Amino acid sequence: MQKIFVMLGALGLLTAVAVSCNKDSKYDTAYYTDKATCTTDSITYNGTVKSILNGSCAYSGCHSSQSKASGVILDTYSTAKSEFSTSNALCTINHDCTPMPQGGSKLADAVIQKLTCWAKNGYKE
């Protein structure tokens, strides 16, 4: 009988963890892009975003192809686009969830605006 209670308790804990890991819609990309005012649609990965990500995120020990911190890679167009469109990348740089850069200051609002507008305007390469 005690084993049944332990198993039910473990099952309940696993269920609670799984439910808490569901993506909160507040932190979806759309939460940030819907309220963003973008005065230009000319922000591209190669022209703007790549240098921001390489300088702030995708360097050795963090989110480069070599280090892959937390499984996140931000040093190529395809991986950056995938992370920004399917994860909480905008949430993290806005410091609304796990703040990035880790242990560092929040990126400047103008930089966050560029990344948000890149997402809002379709992740142009």
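I began with a cut-off: a disulfide is a pair of cysteine sulfur atoms within 2.5 Å. With bonded cysteines counted along the chain, the disulfides of the protein chain follow the pattern 1-4, 2-3.

Before going on, I noted that this is a predicted model, where local features need pLDDT of at least 70 and side-chain atom pairs count only at pLDDT 80 or more, while totals for chains, interfaces and linings use all residues. Residues are numbered from 1 along each chain as its sequence is written, and side-chain values use heavy atoms, with hydrogens and water left out.

**Entry: cysteines**

How many disulfides does a search of the whole structure find? I got two.

I looked at cysteine 38 and cysteine 117, which form a disulfide with their sulfur atoms 2.1 Å apart. This pair links distant parts of the chain, 79 residues apart: cysteine 38 is in the loop between helix H2 (29-33) and H3, and cysteine 117 is in helix H6. I took helices (H or I, at least four residues) and strands (E, at least two) as DSSP runs, numbered from the N terminus. The torsion about the S-S bond of cysteine 38 and cysteine 117 is about -95 degrees, so this disulfide is left-handed.

For burial I used relative accessible area: buried is under 20%, exposed is over 50%, and partly exposed is in between (1.4 Å probe, protein chains only). Cysteine 38 comes out partly exposed because its relative accessibility is 23%, whereas cysteine 117 is buried at 4%.

I then found cysteine 91 joined to cysteine 97 by a disulfide, S to S 2.0 Å. Both cysteine 91 and cysteine 97 are buried.

Cysteine 57 is buried, with a relative accessible area of 11%, and cysteine 62 is partly exposed at 23%.

**Entry: helix H3**

Helix H3 (residues 45-56) has 12 residues, yet its end C-alpha atoms are only 14 Å apart, short of the 16 Å that a straight helix would reach at 1.5 Å a residue. That expected span is 1.5 Å times one less than the number of residues.

Which residues of H3 are buried? I listed Tyr45, Thr48, Val49, Ile52 and Leu53. They sit on the same side of H3 because they cover an arc of only 125 degrees around the axis, the arc being that of the directions from the helix axis to the C-beta atoms. An α-helix has 3.6 residues a turn, so residues three or four places apart point the same way. On the other side of H3, I found Gly47, Ser51 and Gly55 exposed.

Helix H4 (77-86) and helix H6 (109-120) are among what covers the buried residues of H3.

I also followed threonine 48, which lies in H3. Leaving out residues up to four places away in sequence, threonine 48 touches Ile43 and Lys114, where contact means heavy atoms within 4.5 Å. Threonine 48 and glutamate 125 are 77 residues apart in sequence, but 9.7 Å apart in space, C-alpha to C-alpha.

**Entry: whole chain**

I counted six helices and zero strands in the protein chain. Of its 125 residues, 30% count as buried. Among contacts with a separation of 6 or more, 55% come from residues 24 or more positions apart.
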